[in-house]
Amino acid sequence: MKSIRIGTRNSALALWQAREVARHLQNNNYLTEIVPIVSSGDKNLNQPLYSLGITGVFTRDLDVALLNDEIDIAVHSLKDVPTQLPQNIEMIAYLERDYPQDILIRKESARNKEFHELKLATSSLRRRAFWLRHYPATEFSDIRGNIQTRLQKLEDGNFDATILSLAGIKRMKMEIDYEMLPLLIPAPSQGVIAVAGHSDKPEINEILGQINHRPTQICVEIERNFLSTLEGGCTAPIGAFAEIIENQIRFKGALCSLDGKNCIAVDENFEYNPTENFGEKYAKVVLENGGKELMAEIKSQI
């Protein structure tokens, strides 16, 4: 078989993730080739992107490359992948989750400040809302870019700290002080590398199945089903985290208002049953306990 063409964004973190997938495939004696995808500007599709449901800001270029047969598989940070996938694209494999947590990184001048005193830089609605739930007077600044860019902005900017995913820091082997933030529920599927494939390539997809980590798949499918049932196409402050503990699953999920004042949460332990959609089940609990009205409020504010 010829080399499996692995599509990836061209950031340092995305390339690390692609190499990790390549390593798993090479361990099973498959040849691989990493194909960085920069822009979809000159790609030619017969149909407009929106008619194929290509909506993900961080995934659409790879979706287009998959559909145009420029790559065989696409590697993603799963939390960036929309719950509604384009026609003929499916998630095939999930690597074992490593670091799902959010972390706080301070600049040196804010080393001794209490949490409620910090001026925070984050553009994440989830991180802002969950933080405001505990520290309602917090001032926020927007911050975007890759990890290195955000850390430089932290040093240069008029704020005290920022919140990042622990997975990125660990994968980049960055020696940096950070604090764990148990008060934040992670984004659904945070810390998971996932591989998308084309539905018309069953041979490739069967190979990908060999590197799939089933326990991770079970957990992230619950989280993503929770997300998709709640959001209805709207970006909202939603956290969801499932983990397998012995023979049970512990699931925590929450929907918060943008100001953090109204938070509807579930915290459940249950035995897994593949025929039951637990993510949808617990999202409906949230919706029936005021979540429907809260989602309408959030949509009107965004």
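Reader: Which residues line the largest cavity?

Author: T59, D63, H76, V81, P82, L85, P86, I89 and M91 do. Before we go on, this is a predicted model, in which local features need pLDDT of at least 70, side-chain atom pairs count only at pLDDT 80 or more, and totals for chains, interfaces and linings use all residues. Residues are numbered from 1 along each chain as its sequence is written, and side-chain values use heavy atoms, with hydrogens and water left out.

Reader: Why is this called a cavity, and what makes a residue part of its lining?

Author: On a 1 Å grid over the protein atoms alone, a cavity is a set of points where a 1.4 Å probe fits but cannot get out; a pocket is an open set with protein on both sides within 12 Å along at least five of seven lines; and a lining residue has an atom within 4 Å of a point. Points are joined across faces, edges and corners, and the volume is the space filled by probe spheres set on them. The count here is 1 cavity of 30 Å³ or more, and the largest cavity has a volume of about 30 Å³. Its lining has 6 nonpolar, 2 polar and 1 charged residues. Nonpolar means Ala, Val, Leu, Ile, Met, Phe, Trp, Tyr, Cys and Pro, charged means Asp, Glu, Lys and Arg, and the others, Gly among them, are polar.

Reader: What lines the second largest pocket?

Author: That pocket holds about 340 Å³ of space. It has 20 lining residues, and P182, L184, P186, F241 and K252 are the closest to its centre. By class, 12 are nonpolar, 2 polar and 6 charged. α3 (125-134), β11 (238-245), β12 (248-256) and β13 (263-270) each supply at least two of the lining residues; helices (H or I, at least four residues) and strands (E, at least two) are DSSP runs, numbered from the N terminus.

Reader: What makes C256 and C263 a disulfide?

Author: Their sulfur atoms are 2.2 Å apart, and the cut-off for a pair of cysteine sulfur atoms is within 2.5 Å, so the pair qualifies. The structure holds 1 disulfide.

Reader: Why is the disulfide of C256 and C263 called left-handed?

Author: Because the torsion about its S-S bond is about -80 degrees.

Reader: Which strands make up the sheet with mixed pairing?

Author: That open sheet has 5 strands in the order β2-β1-β3-β10-β4. Its edge strands are β2 (32-36) and β4 (89-94). From one strand to the next the twist averages 35 degrees. β1 (residues 4-8) and β2 are parallel, with 5 bridges. Across β1, β2, β3 (73-77) and β10 (193-198) lies helix α1 (residues 12-27), at about 160 degrees to β1.

How values were computed
Two strands pair if DSSP finds at least two bridges between them. Axes are lines fitted to C-alpha atoms, for helices over the stretch in contact, and angles run from 0 to 180 degrees between N-to-C directions. Contact means heavy atoms within 4.5 Å.
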